[in-house]
Amino acid sequence: MIEIKKQYAKIDTLNNSLIIDFSKDAKLVYLGKKIADCDDYDFSGVRRAQTFSSADDIDALKRTVSSSGDGHCREGMIYLCDEDGNATVRLSCEGIEKGNKKPTLKGMPSSHGESECLTIKYGDKNFGVEVEQYFGFFDGSDVVATGVKIINQSGKTIKIKRAMSLQLDLPDGDYDVLTLDGASCRERRAVRRNVNGGTFSNSSVAGLSSNCHNPFIEVTKKGYNGFTVATNLVYSGNHKELFDIPSMGGARLLSGINDYLFDFPLKDGEEFQTPEAIFTVAANEEAASAEMRKFVSRNIIPERFIGRERPVLINSWESFLFNFDRGKLIETCKKAAEIGIEMFVLDDGWFGKRDNDLSSLGDWFENEKKLGGTLQDLADEIRGLGLKFGIWVEPEMISIDSDLYRAHPEYAMTISGVKPLEIRHQIVLDITKEEVRREILEKLYGIIERSKAYYLKWDCNRGIYELKNSGELFHKYVLGLYDMLSKLTAKFPDLLIESCASGGNRFDLGMLCYTPQIWASDDVDPRERTTIQEGTAKAYPPLTMGAHVGHIPNWHTFNGTSYDNAFAVACCGAFGYEFDVTKISEKDERTLKRQVEFYKKWRSVLQFGNYTVNENSEERGISSYTLADDKKEKAVATVIYLDRTINKLYPVVYIKGLLPEAKYSVRFTSDEEIKFTASGSALEKVGVYIGNLYTSERIADNYNSIQTVIMEIEKI
Ligand code: DGJ
């Protein structure tokens, strides 16, 4: 609830308070656990430190916005420059407004379901600029959404050199900073480091939010009065998060569009809107993560997909790559239907003359010879077998060897005189151009209409390195992408879209606003996937992650494992299979049938349950979580044991996320089937001894893998 008294706006969220002083130098007076109302919140004594090099004082440590030339020697939020090179921008607060709705961000996605919004207006008359900053609040949540709009009133064109979405000025101290870092096939591993001085930067530069550094960041102040602030950005392009701890005092967290090559012109009268950032504060990392996950499930993914069941799918990629024909596809679908699988996804290789990755991107018409008829025929036949139909596309790309490139070379992002950099033998379509977007969208509409697809996998397998008009290019590319996605989802609101980018190279809140699930990684080796999913779950709920049981031994790591281990890791995500099920033994087929049956029985808990980390411990080799329904009556707890040391007792695992007072029946299989009853508090405090998982059968299936247990938990 927003309360405005004197020069203060105090907002109480579910557990927290946020206090903004909107006198001339607007300040974030407080962000933290709920505090009781006061008449005044300014208890400072002498304001000015003895400083010779800057205008830093106590007020400077708590700013809600900052700019170039404002006199403070720390990283700033908004850097502007006029035609004469003048970058002196001194913003002062001009007023505050409260309302119910956040502004609609033109051309960009944002969170939904807010109940209140506070808008703060700033201006610099000399420079001729106005800035509007909003803070959106949500019932039952501690997450706050924010962003700024820059309005040029200078009478001339200015350049935006930096425009961050979020600035949070925090107390100085000793911080741990957690980011999700990686590469293709090892995306979003949680990395923690200590930052107690200097400027830490987390960023992406190739036009996608990237598998190198995700926009999610958590900063944890250690010691007395410790807390964790988590932030994430609703954006899919180059981003940058800065955590600056100047020796003068204070700590500043910034997040927004990366200023790498950014030089965005703004004509007189024009506005520039930053993407939305979200943030929360909590007692510790895990509590902040839990709040962010809850927010993504309720306020980021499209409302029509909240609570909508996802079918168990089988994808053709790790089954056949490009090598299939109609016979193989139909045989696969027949077997899949027998196993209980509910949807078939035709991945890469169905269009143009694409029998490898050398050609055809852009030629979005089916290869009738390969498919043994039209796409419509094939999809109808598959539906006749009782499966839904899904299809793969890569709309942002073009192959030089394609009809589209031959007809329209100008559609590709190229620079005259420079040989285009082909990555995976493909170049990027210039989707900043309206006519390019229109042409590709029309082709996509045709594919979806003809095949009546239930599901679409939207892939993107490279970054942007042809940097024409570089000051605007990256951002305009993202706007082009959002324009395509918003038109597509408006035309086909029920189409379930899974986005993908060489695995998880664009796993972010911007994509999740259109596509409720994202292929988390091409690496489905359960050992590797455990780390990837554990990291991803710091910021995103498990159902946002596409997670499959893939080919064994794994294609990337060559590790062997059992189908049950692979299932135990994949079953918390948007679940499916991705290998040739026509080639498996009868015993394995029985295993898969059992898994699908289990999955369907527990689907509502696995897909919509609240995720609680029981333990993530590299040292003990344990990754364990509980998924429980809202009432905590039904739960699935998974234990993934990554240690292979022998002559060592198996550890006790503490099961969390249940009602302490309630009694539960618990069932799982280690070397034998175990059944017992226990209270929620006993499961959490006494813990469960998992026992020996190395039955001879399991050993035979495992070469270099993991051991897993899935517990079925029901309130009695
Ligand atoms: C990369 C994706 O991550 C894979 O799942 C698959 O769709 C291939 N692209 C197809 O080219």
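This is a predicted model: local features need pLDDT of at least 70, side-chain atom pairs count only at pLDDT 80 or more; totals for chains, interfaces and linings use all residues.

Visitor: Which classes of residue make up the shell around the ligand, then?

Guide: The shell contains six charged residues, four nonpolar ones and three polar ones.

Visitor: And which of the 13 residues around the ligand come nearest?

Guide: Those are Asp347, Asp348, Lys457, Asp459 and Asp522.

Visitor: How much of the ligand's accessible area does the protein cover?

Guide: On its own the ligand has 300 Å² of accessible area, and the protein covers 98% of that.

Visitor: Turning to the sheets, which strands form the closed barrel?

Guide: Eight strands do, in the order β21-β22-β23-β26-β27-β28-β29-β30, and their pairing is parallel. On average, neighbouring strands there are turned by 30 degrees against each other, direction ignored.

Visitor: How many bridges join β23 to β26?

Guide: Four bridges join β23, residues 388-393, to β26, residues 455-458, and the two strands run parallel. Within that pairing, Ile391 has Leu456 of β26 as its bridge partner.

Visitor: What about the open sheet: is its pairing parallel or antiparallel?

Guide: The pairing is antiparallel, with four strands in the order β1-β2-β3-β4. At the edges are β1 (2-5) and β4 (27-33), each of which pairs on one side only. The twist from one strand to the next averages 15 degrees.

Visitor: And how is β1 joined to β2?

Guide: Four bridges join β1 to β2, which comprises residues 8-12, and these strands run antiparallel. The bridge partner of Ile4 in β2 is Ala9.

Visitor: One last topic: how many salt bridges are there?

Guide: The count comes to 58 salt bridges. One of them joins the side chains of Asp174 and Lys222, at 3.9 Å from N to O.

Visitor: Where in the chain do Asp174 and Lys222 lie?

Guide: Asp174 is in the loop between β10 (158-170) and β11 (175-181), while Lys222 is in the loop between β14 (213-221) and β15 (227-234). The pair is 48 residues apart and links distant parts of the chain.

Notes:
Residues are numbered from 1 along each chain as its sequence is written. Side-chain values use heavy atoms; hydrogens and water are left out. A residue is near a molecule or strand if one of its heavy atoms lies within 4 Å of it. Accessible areas come from the Shrake-Rupley method with a 1.4 Å probe; for residues, only the protein chains shown count as cover. Ala, Val, Leu, Ile, Met, Phe, Trp, Tyr, Cys and Pro count as nonpolar, Asp, Glu, Lys and Arg as charged, and the others, Gly among them, as polar. Two strands pair if DSSP finds at least two bridges between them. Axes are lines fitted to C-alpha atoms, for helices over the stretch in contact, and angles run from 0 to 180 degrees between N-to-C directions. A salt bridge is a side-chain nitrogen of Lys or Arg within 4 Å of a carboxyl oxygen of Asp or Glu.
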